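User: I am new to this structure and would like to learn how to read its features. Could you guide me through them?

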Amino acid sequence: MAVPILHKRKLIPGRVSELVLEAPQIAAKAEPGNFIILRLADDGERIPLTIADTDAAKGTITLVYLVVGKSTAHLETFEAGDTILDVCGPLGRPTHIEPVGTVLCVGGGTGIAAMHHIAKGHQLAGNHVVSVIGARSEDLLLFEKELTAISAEVLVATDDGSRGHKGLVTEVLEQRIQQGIEAGESIGEIVAVGPVPMMRAVAELTRPYGIKTTVSLNSIMVDGIGMCGSCRVTVGDAVRFACVDGPEFDAHQVDFEEMMRRQCTFSEQEKLSYDHFCRKCHHD
Amino acid sequence: MTKKKSKILPRRSMPMQDPAARVGNFNEVANGYSLELAQEEARRCLQCKTPTCQDGCPVEVDCKRFIRELAEGQVEQAFRTIKETNSLPAVCGRVCPQENQCEGRCKLRPTGQPVAIGRLERYVADAFYAGTACEATVGREDCPMIREDLRVAAIGSGPASLTLAGYLAAQGVKVEVFEALHLPGGVLSYGIPEFRLPKSIVRTEVETLKEQGVEFHMNWVGGKTMTVGDLFDQGFKAVFLGLGAGLPRFMKLPGENLIGVFSANEYLTRVNLMGGYRFPDYDTPVFPGRKVTVIGGGNVAMDAARTALRLGAEEVRIVYRRTQEEMPARLEELEHALEEGVQLEILACPVAFQGDEGGRLTSMRVQKMCLGEPDESGRCRPMPVEDEAYDLETDLAIIAVGSGPNQILLNATPNLGLNSRGYIEVDQETLETNMPMVFAGGDIVTGAATVVEAMGAGRQAGKEISRRLLKQG
Ligand SMILES: Cc1cc2nc3c(=O)[nH]c(=O)nc-3n(C[C@H](O)[C@H](O)[C@H](O)COP(=O)(O)OP(=O)(O)OC[C@H]3O[C@@H](n4cnc5c(N)ncnc54)[C@H](O)[C@@H]3O)c2cc1C
Ligand SMILES: Cc1cc2nc3c(=O)[nH]c(=O)nc-3n(C[C@H](O)[C@H](O)[C@H](O)COP(=O)(O)OP(=O)(O)OC[C@H]3O[C@@H](n4cnc5c(N)ncnc54)[C@H](O)[C@@H]3O)c2cc1C
Ligand code: SF4
Ligand code: SF4
Ligand code: FES
Ligand SMILES: [Mg+2]
């Protein structure tokens, strides 16, 4: 179905934007952890984006994307009032949410927006949500206001110290885990969404504590409905398809090394595609 | 017998694109008969008193009759005859494994030169231009008005659902087709390449169905966007599941996740559905392979191998556990692949994929096989030859060793009865599942089969559904 864009908000101009789409069927069914696949033009590719928020009453879903290549750069040229050719969803298994006490939700980069929907789900389930977010600097922090509205605590780290802790999110996370343990708090789960190196660092950090840790994997997808195997990841002894078996998996079981390598499968062509797009733009 | 044989002219060959030229493009390989050639071929038919050709066709096309009509120059009448039972002749004429079906049962088969029924069917479908959508769908002009109160949902838009939709529309029943991908057609769109089945043919079939009142909803995932229950809540009277068998099977070998190892489904989807052969004008990248190995011996393997050649591979090898004789591919596809320069590595079974430090595929370890005693399927069982394994250099390996049922809807519909292989269980007569008024057909019931068998199932379910709905009034 062709889907109209109701609002567009430039969160970090030229790099990260938020779109609110009118997609009542998807909004009615979307749960935290779900994503959609969109296509912008007849010659376009299918790209997955996480549903960062939904408003079932208004029939809208929210997407947040980082401009990294051809398709996201193309998407950045879309404005409110334009329509997106194809939006398919909601896809993926929803986050497994149950009352478990304290849940630490870690987000990095645009992963913060994706994490937001999961954090919201945990808050609705009555969990004590602690959001831990990080970025290079204050102006690159996303969704802080939205997270403040639904989290019991929001902890911030920036590389340059322009806001919150100066350093990595994992350092803030470790402090918070320690603090919780000392206070006898039951930390039921840790959720991490962001760049793969961050998710891997979180997995390594929490492993010795034996706390259940969940990551949302963004492997390369084509159909998103389990028909191609492009998105396959190794989890424990098994090969799983991130689009239908995930995208969330037990962080302690994921082969991040393999996943990072597979994300680079098409890097040469992706560069070519982006250059091709830029050349076309300059000709127009 | 010998006397008869001498009178029979040789089977008319079909004009083809030259192999050297065609590996450089994605245009259709077989150009089709001219009227003259088609009529010459049609006149080879013996018009048998008890023809056997029709028994070989899963949808029972009256081959003898349409061939006679064609021989007499009545193309329109031939079209109507075919359309009585086959809603997609332009597709079937191109992709049916005729040697196992109609032509396999032709009385002339023993001469090695059966009537080219498939090519004639294709000719008729391509040559006749139907005046109305009703005529194009069922070959008649008396389709009733669509009754909007009798709504049937078909999930999936492969040949099974398209046939069901055409059949029901012709009975005046409203059909809405729901498809997860952005284009309709199922395997006809995402799997079978342009050079074998031009996508314009699939588009035309879909457009005709639309004119007939069939509605198409794309990007709609059954079990996710809506459930089967939701459809009944919305007033649909019956639901048909034509989900297909698109789950790619891997081999669980070491190194299978290296960069450069793909399922045939991924490779073909990138090229066909996404137009990746036109990259970078189209966005979807296709992995470039210099030395390509394709694993498997069916149509899917042939399509992947021939696609890789067209995308500029220096060398393409098909690695198969048995020998050329056992390959399940359509005869014509195998012949075309060989003509185009695809090499066969028979009696070979991959055991591992090997890569460099960057995780990129560099070679495949292969076990030499020999043929043992026939197994349950009647084919000789391949057995490893001890101590005979070797490496094949390759930077792109495409796995085409079979597929399983598409999972999403099955997972979302736990009450649906499945068989031990994970496919949907149906009543053989009605194609109804264990859920009342939920029907299923095509690959999701049989496992990977053929286009025409999926169509047969769509027609069978359509008959049953219309019988029940129209009886209720
Ligand atoms: C389940 C899931 C949810 C995602 N959610 C978000 C989100 O909410 N916001 C966001 O900004 N990004 C998200 N992504 C990543 C996003 O899909 C990619 O950034 C996007 O596809 C890049 O396309 P491009 O053409 O602009 O860049 P390209 O230059 O083509 O690619 C840049 C990098 O993005 C990745 N990528 C490329 N194509 C795909 C593809 N088809 N599928 C997945 N990854 C790909 C590759 O690692 C590649 O190296 C998500 C990915 C997945 C799998
Ligand atoms: C590469 C290749 C080559 C082939 N070559 C030949 C050939 O030459 N001759 C021949 O006779 N046969 C051939 N076949 C087999 C033939 O294509 C299939 O048997 C036939 O297409 C099955 O038809 P179907 O309608 O059952 O399903 P499909 O054609 O598989 O269509 C199923 C559709 O359902 C959709 N779907 C699945 N789940 C959902 C859901 N939950 N919601 C919405 N939609 C959904 C899928 O996206 C797909 O579009 C080939 C197959 C392949 C893969
Ligand atoms: S539908 Fe297929 S099997 Fe039947 S007559 Fe036509 S080509 Fe032969
Ligand atoms: S069996 Fe062969 S020769 Fe006989 S009617 Fe059929 S097509 Fe003609
Ligand atoms: S994206 Fe194709 S199987 Fe997951
Ligand atoms: Mg891209």
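This is a predicted model: local features need pLDDT of at least 70, side-chain atom pairs count only at pLDDT 80 or more; totals for chains, interfaces and linings use all residues.

User: Which residue in β11(B) is the bridge partner of Gly355(B)?

Analyst: That partner is Leu361(B).

User: In what sense do β11(B) and strand β12 (residues 380-393) of chain B pair, and over how many bridges?

Analyst: The pairing of β11(B) with β12(B) is antiparallel and extends over nine bridges. One can follow it at Ser363(B), whose bridge partner in β12(B) is Glu393(B). The hairpin of β11(B) and β12(B) has five residues between the strands, and Gly378(B) there adopts a positive phi near 90°.

User: Where does UniProt place a domain feature in chain B?

Analyst: An unreviewed UniProt entry lists "domain: FAD/NAD(P)-binding" at residues 151-458 of chain B. Across residues 151-458 of chain B, helix accounts for 26% and strand for 26%, while the end C-alpha atoms lie 16 Å apart.

User: Which residues surround ligand 4, and how do they divide by class?

Analyst: A ligand's surroundings can be read by listing the residues and then sorting them. Around ligand 4 are Cys45(B), Leu46(B), Cys48(B), Pro51(B), Thr52(B), Cys53(B), Lys64(B), Cys106(B), Lys107(B) and Ile117(B). By class, this shell contains seven nonpolar, one polar and two charged residues.

Terms used:
Residues are numbered from 1 along each chain as its sequence is written. Chains are lettered from A and ligands numbered from 1 in the order in which they are written. Side-chain values use heavy atoms; hydrogens and water are left out. A residue is near a molecule or strand if one of its heavy atoms lies within 4 Å of it. Ala, Val, Leu, Ile, Met, Phe, Trp, Tyr, Cys and Pro count as nonpolar, Asp, Glu, Lys and Arg as charged, and the others, Gly among them, as polar. UniProt positions are given in the numbering used here, feature names are shortened, and annotations may be inferred rather than shown by experiment. Helices (H or I, at least four residues) and strands (E, at least two) are DSSP runs, numbered from the N terminus. Two strands pair if DSSP finds at least two bridges between them.
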